[in-house]
Amino acid sequence: MQHSRVSKTTMRQTALPAALVILLGLATAQAIASVHIHLSNLALYEKMDAFRNAGYLIVPNAHVLPRLLEWKSALFGGLFFTLSTGAFLTLLSIAAAWLLHRAQARKKALLIPLLTVWFAFLVVVNIRGLSLMPTLYLLLIPIPVFLAASRWLFPGPPKKLSSGPLLHALPPLFLALLWAGQMSGSFFVDVRDYLLLSHKAGTKVSDFYYRYTLYPAETLKPLDQKLLRAVYLGHIENKPVSQALQRELIKFDYLPVDNENMAELVLRERNNELDLEQGGATILRTTLRQFLPSPAPWLAAFSKETDRQSFFRKVTFVSLLIGLPMLIYLLLYGIFFSLLSLVRPSAKSSVPATLLCLVAGIALFLLFFLSRAAIHDDKDINRALQSGDWRTRVAALKFIHGKGLEAADYPAYKALMASPFIPEKYWLAHTLGASRHPDTFKDLLSLLDDTHPTVVSAAFQDLGKRKNPAAMRPILARITTSTDWYNQWNAYRALRALGWKQSPSP
């Protein structure tokens, strides 16, 4: 009984406070992210509603548009920032508290560079104008997490540094280096194909990601990466000039609106000059003669000059690569530690829990590495397409696609059209997209009616790459009836690749 009480007390003094500090950081991040995305959703709804009333094709369409007003979309979409930026800032803040705790005698000397780095982050985030929400992440997460960690995790004078912390640090470092070797351009797609879409639970995680990832993505995109942009031409008094500008800007998906405050680009002509404005400020100045024949470079420059999210995007990407894996590692460690503490003293459970995390990380790596079958010779393709292993069939499709081979030369692909495996049909769509045979075009069109949105999105992408105008009508028929924003997004990009452009309906 005494041993049990000691074990539980030790656990309360270690695992529980650490979990509470991490939860404090994640909860703060989730609250900020939810407000961040909800405000972005409201602005997007207002813009799309204006486009719809003007008779333009909108994405997200009328089926998805009401979701922009729901807090559910903001809460679920906010998990992206919570588990990336939020996790990264939380762990950095805990590390800063630990450093100050260790440097007890030189705490003030170390505090200055830490505060300098933090202040530099704030300056860079706001260097092109106030970016309120990114600033709130940097202000409201580190401060409470740092104070809580200092009080709950590292109270009193530091103990003598032993080999224990080094032992705990080596496994995640080793796993990071192990996985870093797989960080090729296809890494995230491979993780999705082989670790997620290979089973039902993972498929649900993937579906959740694609369903809600566009909400946070919309908050991060620069203007030239947004699908539809709002332009205000009310300051152009010459009607023929205004109409000429409208025709040219629609080609680049800049659609006119009547509300200047809603516009992401405002054009103003005065003294034979054309000002490109945003928020009442002139960003670029040119002339009609320079702008009208070739708007693209001016629009690209305008997007770059008005992009306030560049640094925050980089922080978010780094956080996704570091913060989320570390959070998963700590969660796994906490589970192993808690289970081991039930049968042995918690003081003796820490090292075995760390070793179990290492074993789990290596096992997952081996599963990922061995799942990626490869085809090295085109003579193996027909055999591989008829293999009993779906991973081998996917490897054959990837080989055909990667080498630019004609899918119609391998009739065995026909049997894969009814495959129950999502990665297989996803790569089949890419393979058919690179084909130029009329029969493969029909097969690619049929994938638009697949039951899984990942396959449908791939089919939309590849219909755009085939450059066959016959695909416009089926794509237009589906983009207005689809209930999946990600599919609509890919369908619209396919339409634009096929040469279609917006025109207001009467």
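1. Of the 506 residues of the chain, 46% count as buried, where buried means under 20% relative accessible area, exposed over 50% and partly exposed in between, with a 1.4 Å probe and protein chains only. The model is a predicted one, in which local features need pLDDT of at least 70 and side-chain atom pairs count only at pLDDT 80 or more, while totals for chains, interfaces and linings use all residues. Residues are numbered from 1 along each chain as its sequence is written, and side-chain values use heavy atoms, with hydrogens and water left out.

2. The chain holds 21 helices and five strands; these are DSSP runs numbered from the N terminus, helices being H or I of at least four residues and strands E of at least two. The C-alpha trace spans about 85 × 65 × 35 Å along its principal axes. Among contacts with a separation of 6 or more, 71% join residues 24 or more positions apart, a contact being heavy atoms within 4.5 Å.

3. Glutamine 30 belongs to helix α1 (residues 2-53). Its relative accessibility is 17%, and glutamine 30 therefore counts as buried. Beyond neighbours within four places in sequence, glutamine 30 is in contact with Leu75, Gly78, Leu79 and Thr82.

4. The second largest pocket has a volume of about 1100 Å³. On a 1 Å grid over the protein atoms alone, a pocket is an open set of points with protein on both sides within 12 Å along at least five of seven lines, a cavity is a set where a 1.4 Å probe fits but cannot get out, and lining residues have an atom within 4 Å of a point. Grid points are joined across faces, edges and corners, and a volume is the space filled by probe spheres set on the points.

5. The lining of this second largest pocket comprises 32 residues, with Thr219, Lys226, Glu264, Gln278 and Gln309 nearest its centre. Helix α1 provides the largest share, seven residues; the elements that each supply at least two residues are α1, α4 (132-140), α9 (214-220), β5 (281-286) and α12 (295-305). By class, the lining has 12 nonpolar, 10 polar and 10 charged residues. Here Ala, Val, Leu, Ile, Met, Phe, Trp, Tyr, Cys and Pro count as nonpolar, Asp, Glu, Lys and Arg as charged, and the others, Gly among them, as polar.

6. Three cavities of 30 Å³ or more are found in the whole structure, and the largest cavity has a volume of about 90 Å³. Residues that line the largest cavity include Leu44, Lys47, Met48, Val59, Pro60, Trp485 and Trp489. Helix α1 gives the most to this lining, with three residues, and α1 and α21 each supply at least two. The lining of the largest cavity divides into eight nonpolar, no polar and three charged residues.

7. Two of the residues lining the largest cavity, Val59 and Pro60, are joined by a cis peptide bond with omega near 5 degrees. Proline 60 lies in the loop between α1 and α2 (71-102). Most residues other than glycine have a negative phi, and most peptide bonds are trans.

8. A search of the whole structure finds 24 aromatic pairs; rings of Phe, Tyr and Trp (its six-membered ring) pair if their centres lie within 6.5 Å, and planes under 30 degrees apart count as stacked, over 60 as edge-to-face and the rest as tilted. Tyrosine 210 and tyrosine 486 form a tilted pair, 4.9 Å centre to centre with 45 degrees between the planes. Tyrosine 210 lies in helix α8 (residues 200-212) and tyrosine 486 in helix α21 (residues 485-497), so the pair ties together parts 276 residues apart in sequence.
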